[in-house]
Amino acid sequence: MNLSLERAQEIVTRAAKEAMMRYQRPICVAIYDRQGALVALARMDDAPERSVKIAQCRAYTSARMRMDTVAFDALLREKNTPIAYYCDPQFTGIAGGCVIKAADGEVIGGVGISGLAATEDAAISEIVAKSLA
């Protein structure tokens, strides 16, 4: 199953609503498919500009590694492996990236949120990734 543009846009919309409802602050949202291709990117009005790239790296990492960025960070720490080992400058272990799964559990992409504290970004990414599975 592939991650459609329509589904990616639903995730972006849901994430923006969650950010405003829970934190009353704007965010950036990035959605990547399982191959690591950008499907959707949105920067809410007044969201920090630096958050565009951060959201992209979080979504990309989740999609390519098939795990949330928190789990990727834990793997790096557990194995004592530097992130540079993967030879991919877009990888990050910062909380805020989650895998997007199809109903059968297959990873079909990743969502990255940025603009808030990392724990708040992670909370939103978890909510939207799981709500549309």
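**View 1. The hairpin of β3 and β4.** β3 and β4 form a hairpin with 5 residues between them, and G105 in the turn has a positive phi of about 95 degrees. This is a predicted model, in which local features need pLDDT of at least 70 and side-chain atom pairs count only at pLDDT 80 or more, while totals for chains, interfaces and linings use all residues. Residues are numbered from 1 along each chain as its sequence is written, and side-chain values use heavy atoms, with hydrogens and water left out. Helices (H or I, at least four residues) and strands (E, at least two) are DSSP runs, numbered from the N terminus. β3 and β4 pair in the antiparallel sense over 5 bridges; two strands count as paired if DSSP finds at least two bridges between them. Within this pair, V99 has G110 in β4 as its bridge partner, and I100 stands opposite G109 in β4.

**View 2. The open sheet.** The order β2-β1-β4-β3 describes an open sheet of 4 strands with antiparallel pairing. β2 and β3 (97-101) are at the edges with a single partner strand each, so one side of each has no neighbour in the sheet. From one strand to the next, the twist averages 15 degrees. Angles run from 0 to 180 degrees between N-to-C directions, and axes are lines fitted to C-alpha atoms, for helices over the stretch in contact.

**View 3. Strand β1 and its two partners.** Strand β1 (residues 28-33) is largely enclosed by the rest of the structure, because 6 of its 6 residues are buried. Buried means under 20% relative accessible area, exposed means over 50%, and partly exposed lies in between (1.4 Å probe, protein chains only). In a regular strand the side chains alternate between the two faces of the sheet. Here both faces of β1 are covered, with C28, A30 and Y32 buried on one side and V29, I31 and D33 buried on the other. β1 runs antiparallel to strand β4 (residues 107-114), to which 6 bridges join it. A30 has G112 in β4 as its bridge partner, and I31 stands opposite V111. β4 is itself mostly covered, 8 of its 8 residues being buried. Strand β2 (residues 38-43) is joined to β1 by 5 bridges, also in an antiparallel arrangement; the bridge partner of C28 in β2 is R43.

**View 4. The loop between β1 and β2.** The hairpin of β1 and β2 has 4 residues between the strands, and G36 takes a positive phi near 95 degrees. Q35 is placed in the loop between these strands. At a relative accessible area of 47%, Q35 is partly exposed. The C-alpha atoms of Q35 and A63 are separated by 7.0 Å, although the two residues are 28 residues apart along the chain.

**View 5. Helices on the sheet.** Helix α2 (residues 50-65) lies across β1, β2, β3 and β4, and runs at about 155 degrees to β4. α4 also packs on the sheet, where it touches β3 and β4, and its direction makes about 150 degrees with that of β4. D121 has its place in helix α4. D121 is buried, with a relative accessible area of 1%. Leaving aside neighbours within four places in sequence, D121 is in contact with R58, G96, I113, S114, G115 and L116, where contact means heavy atoms within 4.5 Å.

**View 6. The crossing of α1 and α4.** Helix α1 (residues 5-23) and helix α4 (residues 118-131) have axes that come within 10 Å and cross at roughly 135 degrees. The two helices are therefore oblique to each other. Angles under 35 degrees count as roughly parallel, over 145 as roughly antiparallel, 65 to 115 as roughly perpendicular and the rest as oblique. I11, R14, A15, E18, A19, R22 and Y23 in α1 meet E120, A123, I124, I127, V128 and S131 in α4. The residues of this contact divide into 8 nonpolar, 1 polar and 4 charged. Ala, Val, Leu, Ile, Met, Phe, Trp, Tyr, Cys and Pro count as nonpolar, Asp, Glu, Lys and Arg as charged, and the others, Gly among them, as polar.

**View 7. Two loop residues with positive phi.** Most residues other than glycine have a negative phi. Q24 is not a glycine, yet has a positive phi of about 55 degrees. Q24 is found in the loop between α1 and β1 and counts as exposed at 54% relative accessibility. D46, a residue other than glycine, has a positive phi near 70 degrees. D46 is found in the loop between β2 and α2 and counts as exposed at 72% relative accessibility.
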